[in-house]
Amino acid sequence: MADQNESSFKALVRFALSTIGFVCCITLAEGAALAQSSLPPTARVVGHVFCADTKAPARLATVTLRPVPARTAMGGFRWPDSEWIQEAPPLYTVMTDKDGAFAAEPVESGFYYVLAELPGYLNQVWQFTEDELKYPSSKTLDLIDHSFPKVKVDQGQTAEIEIQLQRGAALNGNIRYDDGSPAVGLTIQLLREHKEAKQGAEAPPTFRLMPFSPKTDDWGYFRIAGLPAGNVIVKCTLRQVRAVMPQRAGGHSILGAAHDGFIEEDATPEQTIDIYSGGVFHNKDATPIKLAAGAEVSGTDIVIPVDKIYRVSGLVASLEDDHTINRGLVELLYAEDGLKVSESKIGTDGSFHFAFVPKGEYQLSVSASDVQVLNNWSKSTGRTFQAYEPSKQPLSVVDHDLNDVVVHLKPKSSNSQ
């Protein structure tokens, strides 16, 4: 499963990098060059890929040629429009043979980054976020240019390049619940320290999510290889998906009185909670792990304290007459910094549910309205006939589930709607 997730990430990276290309205003003086570039490609790129640690050929490695992006006059990068994407230069992907050799042909003339990938070896792409690859700044373009081997391809010529792959760091560990049972099939992600984001010597480090997500195996184990050196935090995610059935949205009063309803899909189909290195629920409390170049860190275990995770549910109702409100969103926020823990849509019966709430102090942030659905089987056509003032109220989760939380909202006046 880890290989499958890694393949999905590589596919995303290929798309992201493929959209970085040449965008420039074509002048009359460039007409001849444009005509020449429209000729069928006749050049080729050949080379060898080796493993630096073993000095052996990198057999069956994937080698990809990516066009080097052109800079704007301001040193940045202009994002191409959809028509340009359809006409983007072709990409070239080949595999090395038993001797680590490869040949890509025919290739259009120009400058190319040559990316070689082999499991366990450093993947330089992983130092960038998805947004940095899709919308690179001038600084990111400089770093890309420094990180990836580059080759110049001339029309009708053969360009040669030799690439050495460096063994990446690796991380392995076990995720289990506090009763000792393995946490099977949990998504694992890494947050990598981003040193440039510090705003002074005393500022705490900033960690950024690395865009890949393997899962724990049937014993709760995981292993991630090919990582760059640096400090990382491990994050795993509990995810509960429940069936969502059409229900009659007959709101009823907290006191038991019913009111007219309609049909609509109900509630939030998925609930999640993140647990970080050290078995904590907030990333600021996590224990960073230091990765050295080419080294393996073992025993990166996380024990999930399920005995400190509770369920919270309740109703959202009108302050005027206690009828339940049939649409909206309830967000669970940490009281100390306002960071969102989870969210729940308000059901057609006015209910909300949080499956995973760690012990602690929170705020419930609620925004809601009464909605009449015009098409009983479509939640896309509705009419709001009463809006309510947003509300925040404290919530303390100590040592048991909370099943009777009530949030009262004040109706907005017709003038304020």
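1. Let's start with glycine 299, which is exposed, with a relative accessible area of 52%. For this label, buried means under 20% relative accessible area, exposed means over 50%, and partly exposed sits in between (1.4 Å probe, protein chains only). Glycine 299 belongs to the loop between strand S17 (296-297) and strand S18 (302-304). Helices (H or I, at least four residues) and strands (E, at least two) are DSSP runs, numbered from the N terminus. The C-alpha atom of glycine 299 is 4.8 Å from that of glycine 173, although the two are 126 residues apart along the chain.

2. A quick word on what you're looking at: this is a predicted model, where local features need pLDDT of at least 70 and side-chain atom pairs count only at pLDDT 80 or more, while totals for chains, interfaces and linings use all residues. Residues are numbered from 1 along each chain as its sequence is written, and side-chain values use heavy atoms, with hydrogens and water left out.

3. Now the whole chain. You'll find five helices and 26 strands in the protein chain. Of its 417 residues, 44% count as buried. Among contacts (heavy atoms within 4.5 Å) with a separation of 6 or more, 75% are between residues 24 or more positions apart.

4. Next, have a look at glutamine 164 in strand S7 (residues 158-165). Is glutamine 164 buried, exposed or partly exposed? At 44% relative accessibility, glutamine 164 counts as partly exposed. Setting aside neighbours within four places in sequence, glutamine 164 is in contact with Phe50 and Ala52.

5. On to the second largest pocket, which holds about 550 Å³ of space. On a 1 Å grid over the protein atoms alone, a pocket is an open set of points where a 1.4 Å probe fits, with protein on both sides within 12 Å along at least five of seven lines; lining residues have an atom within 4 Å of a point. There are 25 lining residues, and the closest to the pocket's centre are Gln127, Leu143, Arg192, His194 and Arg208.

6. Which elements give two or more residues to that lining? They are helix H5 (138-147), strand S9 (187-194), strand S10 (206-209) and strand S12 (230-241). H5 gives the largest share, five residues.

Conventions
Points joined across faces, edges and corners; volume = space filled by probe spheres on them.
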